[in-house]
Amino acid sequence: MKNKFSAEERWRLGSLPDPAPLAAAYIPMQESAKPQYDAGKALSRGTLFPGLDLPFMNLVNPELERTPMTELMAIDFVVDELELYLDTHWEDREAFELYQTMLAMQKEAKERMVRLCGPICQTDQLGMDAYRWLNGPWPWELCERGEG
Amino acid sequence: MFIYEKKLQYPVKIARPNPKLAKVIISQVGGPDGELGASMRYLNQRYSMPYDELKGLLTDIGTEELGHMEMVAAIIHQLTREMSSEEIIRSGLDTYFVDHTAGVYPTAASGFPWSAASMAVKGDVLADLNEDLAAEQKARVTYDNILRLSDDPDVTNVIRYLREREIVHYQRFGEGLRRAIDRMNEKNLYIVNPSFDRG
């Protein structure tokens, strides 16, 4: 199994305990949060991490058209992916620092989106001139906010 | 508790209605391996977990699955708009339509309504995490099967995204299991149930 992967493909592999107690299942631990896709590619692939990018029949999505909404979705997605990674890799300082950077970008992107299209959370309405929460479109509807 | 973000995790914009596709994709809302089952499984398992990282992981993945349920529901909602009576009959969606019109009802493609019988909360660390690994694989296979049945890129792009999430969740639950095993008695992982026995 090891011989099928070159040194450059280290990121496809994770670590296992050796030897390991019997009668348990062991999934290899992802070793690092790097390498990683940029936010737009991560969103279109459904993962931040190339090692976990395992498409059915090798068919992959094209990258999404860039709109204010998809930009926010991409940043939100990287934040979500880092949170799940940190849930099992809470000691990874490098990943935590990246998470901090992404949180700052997310705050800015969300505020921009709220100014453009109205509240994303109810509490975004602080300072607004009227109760805008009910305004459409709602997320399951065909026409997306931030796209006209 | 839960707050709601008025946006999807990934966009759902289906240009062409298709009730025939809706008939199978509904399984990912209310079927045995669908997103509703996934979120209920994880969000309910977290209460009996003894370790913080498992409480956190199950909360976070369970929450994400609710967002996925919303996305699949959005697909169904958009696929079932503007249907003529002929299309409803021809697509075979008539047996769903008669009871639910173009509403989104959590059921399997077979017509079997969503049931907690399709999920387990065993109250044991090893049993529950292994259940979660199996659940993610089953969800992934269901998405593979939907990809075989659809040729509409508006739909398949979303399905590919959701399928990849299942693979990532599988990896994270596997890592959660590794972390749990690290905390347990390596000479005998089964000596007690850390979810129930103290010490």
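# Close-up views of a predicted two-chain model

**View 1. The buried residues of helix 3 of chain B.** In helix 3 of chain B, the buried residues are Glu35(B), Leu36(B), Gly37(B), Ala38(B), Ser39(B), Arg41(B), Tyr42(B), Leu43(B) and Gln45(B). The model shown here and in the views that follow is a predicted one. Because nine of the 11 residues of this helix, which covers residues 35-45, are buried, helix 3 of chain B is largely enclosed by the rest of the structure. The elements against which its buried residues pack are helix 2 (27-30), helix 4, helix 7 and helix 8 of chain B.

**View 2. Ser39(B) and its surroundings.** Ser39(B) is a residue of helix 3 of chain B, and its relative accessible area is 0%, so Ser39(B) counts as buried. Once residues up to four places away in sequence are set aside, Ser39(B) touches Gly62(B), Glu65(B) and Leu66(B).

**View 3. Chain B as the setting of these helices.** Chain B has eight helices and zero strands, so that, read from the N terminus on, its elements follow the order α-α-α-α-α-α-α-α. The C-alpha trace of chain B spans about 65 × 35 × 25 Å along its principal axes. Of the 199 residues in this chain, 54% count as buried. Among the contacts in chain B with a separation of 6 or more, 79% are made by residues 24 or more positions apart.

**View 4. The largest nonpolar core, with residues from both chains.** The largest nonpolar core of the model has 54 residues, and those with the most contacts inside it are Val12(B), Ile25(B), Met71(B), Ile75(B) and Leu79(B). At least two residues of this core are supplied by each of helix 1 (39-45), helix 2 (68-88) and helix 3 (93-117) of chain A, and likewise by each of helix 1 (19-25), helix 4 (52-79), helix 7 (125-149) and helix 8 (153-183) of chain B. The element that gives the most to this core is helix 2 of chain A, with 11 residues.

View 5. When its neighbours within four places in sequence are left aside, Ile75(B) is in contact with Val12(B), Ile14(B), Ile25(B), Val158(B) and Ile159(B).

**View 6. The interface of chain A and chain B.** Here 61 residues of chain A are in contact with 49 residues of chain B. The area buried between the two chains is about 4,600 Å², and carbon and sulfur atoms give 59% of that area. Across this interface there are 22 residue pairs in polar contact, with both residues at pLDDT 80 or more. On the side of chain A that touches chain B, strand 2 (29-30), helix 1 and helix 2 of chain A each supply at least two residues. The largest share of that side, 12 residues, comes from helix 2 of chain A, and the residues of the side divide into 39 nonpolar, 10 polar and 12 charged.

**View 7. Salt bridges across the interface.** Three salt bridges are found across the interface of chain A and chain B, and a salt bridge also joins Arg179(B) with Glu91(A), whose closest N and O atoms are 2.6 Å apart. Side chains of opposite charge can pair when their charged atoms come close.

**View 8. Lys34(A) and Glu94(A).** A search of the whole structure finds 20 salt bridges over all chains, and one pair joined in this way is Lys34(A) with Glu94(A), with the closest N and O atoms 2.8 Å apart. Lys34(A) lies in the loop between strand 2 and helix 1 of chain A, whereas Glu94(A) lies in helix 3 of chain A, so the pair ties together parts that are 60 residues apart in sequence. Lys34(A) counts as partly exposed at 47% relative accessibility, and Glu94(A) counts as partly exposed at 48%.

View 9. Arg45(A) and Asp53(A) meet through their side chains in a salt bridge with an N to O distance of 3.1 Å, and Asp53(A), with a relative accessible area of 10%, is buried. In another salt bridge, the side chains of Arg66(A) and Glu71(A) meet at 2.4 Å, N to O. Of these two partners, Arg66(A) is exposed, with a relative accessible area of 68%, while Glu71(A) is partly exposed, with a relative accessible area of 30%. Salt bridges that share partners also join Glu81(A), Glu64(B) and Arg165(B) into one network.

Terms used. Residues are numbered from 1 along each chain as its sequence is written. Chains are lettered from A and ligands numbered from 1 in the order in which they are written. This is a predicted model: local features need pLDDT of at least 70, side-chain atom pairs count only at pLDDT 80 or more; totals for chains, interfaces and linings use all residues. Side-chain values use heavy atoms; hydrogens and water are left out. A nonpolar core is a set of buried Ala, Val, Leu, Ile, Met, Phe, Trp, Tyr and Cys residues joined through side-chain atoms within 4.5 Å. Buried means under 20% relative accessible area, exposed over 50%, partly exposed in between (1.4 Å probe, protein chains only). Helices (H or I, at least four residues) and strands (E, at least two) are DSSP runs, numbered from the N terminus. Contact means heavy atoms within 4.5 Å. Buried area is the accessible area (1.4 Å probe) that two parts lose on being put together, summed over both. A salt bridge is a side-chain nitrogen of Lys or Arg within 4 Å of a carboxyl oxygen of Asp or Glu. A polar contact is a pair of N or O atoms within 3.5 Å; within protein, one must be able to donate a hydrogen and the other to accept it, and residues adjacent in sequence count only if both atoms are side-chain atoms. Ala, Val, Leu, Ile, Met, Phe, Trp, Tyr, Cys and Pro count as nonpolar, Asp, Glu, Lys and Arg as charged, and the others, Gly among them, as polar.
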